[in-house]
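Good morning, and thank you for making time for this presentation. Please bring up the sequence and the model, and I shall go through them in order.

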Amino acid sequence: FRWAVQLFLVVGGYVAMRSMVGKVWHAPQIVRFVARRYCRLGLPYVASLAIAAVACAWARGWVPDEVVGPHPQWDQFLAHAFLLQDILGYESLAPGVWFVSIEFQLGLIFVTLLNARDVLSTCLGKPIAAGLALGAGWTLAALSLFVFNLDETWDMWAVYFWGAFFLGAVIYLALRSSASTPLFSMYAKMMVVALAYSWRWRLVIALAAGLLLYWSGRLGLMQRWPASRLVGNLGRTSYSLFLIHFPVLVVTSALWVRLGGVSEASALARFAVRLFGQPGGRGSLLSRR
């Protein structure tokens, strides 16, 4: 489960490049992007945290403290609302919500690179400016793979994950133009060198996901998949399901206990602790490590 987040990082980089690279990014566009991105990611996330706080308050005393955690404070909730809880050292209110903060940071880095491209294009020309922006992305990716991703004290910052995210962006360029295919080959080789330098299963999963994504595009599978309406609906609702899974788990466990299923609920609660971890712990379902 912990390694599954690499799939989302690679796909996120691919989607970001596909949806953003063809647009012009100056200050007004960046402001609108940040506002829209917070509305899409942040508002549902804040609502889910409020639901989780109510669920934990209602279940406290029936569900183990390792699951519901301590009573949340207002400053803790505000830090979460601004996606700064890990940076400011607050305990998480729900497992896995660190990923929302990282996704927001990755979007900020990406739009900054595109803004630099468009600002420089006025004096250097579009090809040179685009090359410089791409080179900056590569440089940051190399630093991520060989420096930041080796030190888990950086895992509250997007640079820790940039290597996997930028892989998806490179894959989009390679699929859009055959001239960019060598870039993907070079990037994959750089990841292999990073693995030889310091083996990390998370990078193995990211590289495997990237190869699957690349060859799916080359073979035309992405144009035909998903054919199932059910799979498509699951894809569209996956973020909501991710956000709501914790309060649903807490309420279900508490209800089971209140209805008299003490022994079964205890087993379920222990299973939940092992699988999802306590809200502030690094052993949660989407643990960074």
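This is a predicted model: local features need pLDDT of at least 70, side-chain atom pairs count only at pLDDT 80 or more; totals for chains, interfaces and linings use all residues.

**A buried glutamate and its partner**

Let me begin with Glu103, which is buried at a relative accessible area of 13%; here buried means under 20% relative accessible area, exposed over 50%, and partly exposed in between, with a 1.4 Å probe and protein chains only. Residues are numbered from 1 along each chain as its sequence is written, and side-chain values use heavy atoms, with hydrogens and water left out.

What does Glu103 pair with in a salt bridge? The partner is Arg37, with the closest N and O atoms 3.4 Å apart; a salt bridge is taken as a side-chain nitrogen of Lys or Arg within 4 Å of a carboxyl oxygen of Asp or Glu. Arg37 belongs to helix 2 (residues 27-59) and Glu103 to helix 5 (residues 98-124), so the pair ties together parts that are 66 residues apart in sequence. Helices (H or I, at least four residues) and strands (E, at least two) are DSSP runs, numbered from the N terminus.

The count of salt bridges comes to two. The other pair is Asp118 with Arg117, where the closest N and O atoms are 2.9 Å apart. Asp118 is buried at 9% relative accessible area, and Arg117 is buried at 12%.

Let me turn to helix 2 itself. Its 33 residues should span 48 Å at 1.5 Å a residue, and the end C-alpha atoms lie 46 Å apart, which agrees; the expected span is 1.5 Å times one less than the number of residues. Cys39 is partly exposed, at 43% relative accessibility. The buried residues of helix 2 include Ile30, Phe33, Leu41, Tyr45 and Cys56. Those buried residues pack against helix 1 (5-20), helix 3 (65-68), helix 4 (74-81), helix 5 and helix 11 (229-258). Just after helix 2, Gly61 adopts a positive phi of about 100°.

On cysteines, the structure holds zero disulfides, a disulfide being a pair of cysteine sulfur atoms within 2.5 Å. Cys123 is exposed, with a relative accessible area of 59%.

One further residue deserves a moment. Ser144 sits in helix 6 (residues 126-146) and is buried, at 1% relative accessible area. Leaving aside residues up to four places away in sequence, Ser144 touches Asn149, Val159, Tyr160, Phe161, Trp162 and Gly163, contact meaning heavy atoms within 4.5 Å.

Now to the chain as a whole. The chain has twelve helices and zero strands. Of its 289 residues, 46% count as buried. Among contacts between residues at least 6 apart in sequence, 71% join residues at least 24 apart.

Finally, how confident is the predictor? The chain averages a pLDDT of 87, and 88% of the residues score at least 70; pLDDT is the predictor's confidence in each residue, from 0 to 100. Over residues 277-289 pLDDT stays under 50, and for this stretch the model has 49 contacts beyond four places in sequence.
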